[in-house]
Amino acid sequence: MAIVSKPITANRYRAEPSVLTALRTPRLLTREVLAGLVVAMALIPEAIAFSIIAGVDPRVGLFSSFVMAVTIAFVGGRPAMITAATGAIALVIAPVAREYGMEYFIATVILSGVLQIVLSLVGVAKLMRFIPRSVMVGFVNALAILIFGAQLPQLLGVPFMVYPLVAAGLIIMIVMPRITKVIPAPLVAIVVLTVATVVTAINVPTIGDQGELPQSLPELFIPNIPLTWDTFTIIAPYALGMALVGILESLMTAKFVDEITDTHSNKTRETWGQGVANVMSGIFGGMGGCAMIGQTMINVKASGARTRISTFLAGVFLLVLVLGLGDVLAVVPMAALVAVMIIVSYLTFDWHSIRLSTLKRMPKSETTVMVATVVVIVLTHNLAIGVVVGVIVAMVAFARRVAHLAGVERTVELNQPVPTAYYTVTGALFFASSNDLLTQFEYADDPDRIVIDLSASHIWDASTVATLDAITYKYERHDKYVVIEGLNEASHELHSRLAGNLGAGH
């Protein structure tokens, strides 16, 4: 049987289907267009809500979502992913609008975009490889919980008719895909519930109740602030925080979509694209943002979109809806969008991860990492903090697990010209395992010659070299001679460079 290998090239990032294929295929094009329309409708109430969180006019969030969605459709690295104004970014940047005003607010957005471009050029996207799967699962599950929790204000203290409308929307979206997938089920639910509320004159909350919709196109906004070091020190910390949160949320979302679609995306290009989108958002007076997993799940999972067309049209439809069809859009019941987001929450959550059979098979450390990530994100509503904590917990758990794999075996040969104690060290030697190494030797009882065989181990850090120096020094105090042998090439290079120069034991 012949084995054919393919070189890994830029072709691994080629989108399937391509934009050109979708444009030539009516069925695919219809799917992309309708998906973009559904996403646009779902973006509107959230953009308004995030504007309120950031302390700015609702139009700022709406314009930001339009500009970012259209921009990322051209410059992003993950086709079909939705980028717009987000709650995570709103929380980071809110103090700027509150304490320094709109001019500084927009300058912060632009600077954050520039920082994201710089970070992409230095390869920050490559750090994604250090985020373990358990953190990814926790990230996804936490987002599903947050998406569902964000719907609760629309379900509490509302007219009773909201509940049957939400139930009807859920039923439509569950049953519709079994009948046909040509028209996205979320769009059908929105249209049916809107017509039902208008015809029956049911008094329930609508999109129009969420805030004022813009009446004109976005305009260029160049912040009028002094270009001084003091200005930079004011906005830089917020801009850096916004840049890091945006990159982290976007790359995690891109990785999640990669798994759903069984495709690869260019994470470096996505990071660069997020920066460009934020700069453009700031220039047009927007609040900035990043990838949105909720709307992305509507686009990719609920509607089946796969190309940049849906992302581009989501932005275009958003602007058309709020400017040209504002009166029609205003009567869409929030219950319809709540039903859509509940389905998105359900589809986003990794139910397999909490099955009893999975938990029994999964190492406890992996489950701990996943739970820690979920708890921190849900409590702080901050994705960056949750992921960082999850990675730290995973690192500690990994270090503890690997540390226990290191072992020491001792044999003594007294029938040699020089009686010798042989120590065979196995496993990975780094700060966690090498700390215990110091106590594994019989310094007083060993004969005059000691051989430490490291052929079955590997030296990973300076801590291990320092420990070996300390062991050697302890034997020297007993007038005994130590030989270290069996080092592989990398371990020998590190040991030769550092041994005797770390001050260990002296």
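I start with a definition: I take contact to mean heavy atoms within 4.5 Å.

**Ground rules**

I am working on a predicted model, where local features need pLDDT of at least 70, side-chain atom pairs count only at pLDDT 80 or more, and totals for chains, interfaces and linings use all residues. I number residues from 1 along each chain as its sequence is written, and side-chain values use heavy atoms, with hydrogens and water left out.

**Entry: the whole chain**

I looked up the secondary structure and got 20 helices and six strands. These elements are DSSP runs numbered from the N terminus, with helices being H or I of at least four residues and strands being E of at least two. The C-alpha trace spans about 105 × 60 × 50 Å along its principal axes. Of the 506 residues in the protein chain, 52% are buried. My cut-offs here are under 20% relative accessible area for buried, over 50% for exposed, and partly exposed in between, with a 1.4 Å probe and protein chains only. I also checked the contacts with a separation of 6 or more: 83% of them join residues 24 or more positions apart.

**Entry: α2 against α14**

Two packed helices are described by the angle between their axes and the distance between the axes. Helix α2 covers residues 26–54 and helix α14 covers residues 334–348; I find them packed at about 105 degrees, with axes 10 Å apart. That makes α2 roughly perpendicular to α14. For the wording, I count under 35 degrees as roughly parallel, over 145 as roughly antiparallel, 65 to 115 as roughly perpendicular and the rest as oblique.

Which residues meet here? From α2 I noted Met41, Ala42, Pro45 and Glu46, and from α14 Met334, Leu337 and Met341. By class, the residues of this contact are six nonpolar, no polar and one charged. I use nonpolar for Ala, Val, Leu, Ile, Met, Phe, Trp, Tyr, Cys and Pro, charged for Asp, Glu, Lys and Arg, and polar for the others, Gly among them.

**Entry: Met292**

Met292 sits in the loop between β2 (290–291) and α11 (293–302). Its relative accessible area is 5%, so Met292 is buried. Along the chain Met292 and Ala84 are 208 residues apart, yet their C-alpha atoms are separated by 6.7 Å.

**Entry: aromatic rings**

How many aromatic pairs does the whole structure hold? My search gives 11. Rings of Phe, Tyr and Trp (its six-membered ring) pair if their centres lie within 6.5 Å; planes under 30 degrees apart are stacked, over 60 edge-to-face and the rest tilted.

I looked at Tyr100 and Tyr104: centres 5.9 Å apart and planes at 40 degrees, so this pair is tilted. Tyr100 is partly exposed at 35% relative accessibility, while Tyr104 is buried at 18%.

Phe441 and Tyr443 also form a tilted pair, with centres 6.2 Å apart and planes at 35 degrees. Phe441 is buried at 5%, and Tyr443 is buried at 12%. Ring pairs link Tyr423, Phe441, Tyr443 and Tyr475 into a cluster. Lys474 lies over the face of Tyr443, 5.5 Å from the ring centre. My test for a charge over a ring is NZ of Lys or CZ of Arg within 6 Å of the ring centre and within 35 degrees of the ring normal.

**Entry: positive phi**

I noted Ala201, a residue other than glycine with a positive phi near 55 degrees. Ala201 lies in the loop between α8 (185–200) and α9 (229–261) and is exposed at 64% relative accessible area. Asp479, not a glycine either, has a positive phi near 60 degrees. Asp479 is in the loop between α19 (462–477) and β6 (481–485) and is exposed at 69%.

Ser216 is in the loop between α8 and α9, and is partly exposed at 42%. Leaving aside neighbours within four places in sequence, Ser216 is in contact with Phe63 and Leu323.

His352 is in the loop between α14 and α15 (356–361), and is partly exposed at 36%. Beyond four places in sequence, His352 touches Thr358 and Arg361.

Notes:
Axes are lines fitted to C-alpha atoms, for helices over the stretch in contact, and angles run from 0 to 180 degrees between N-to-C directions.
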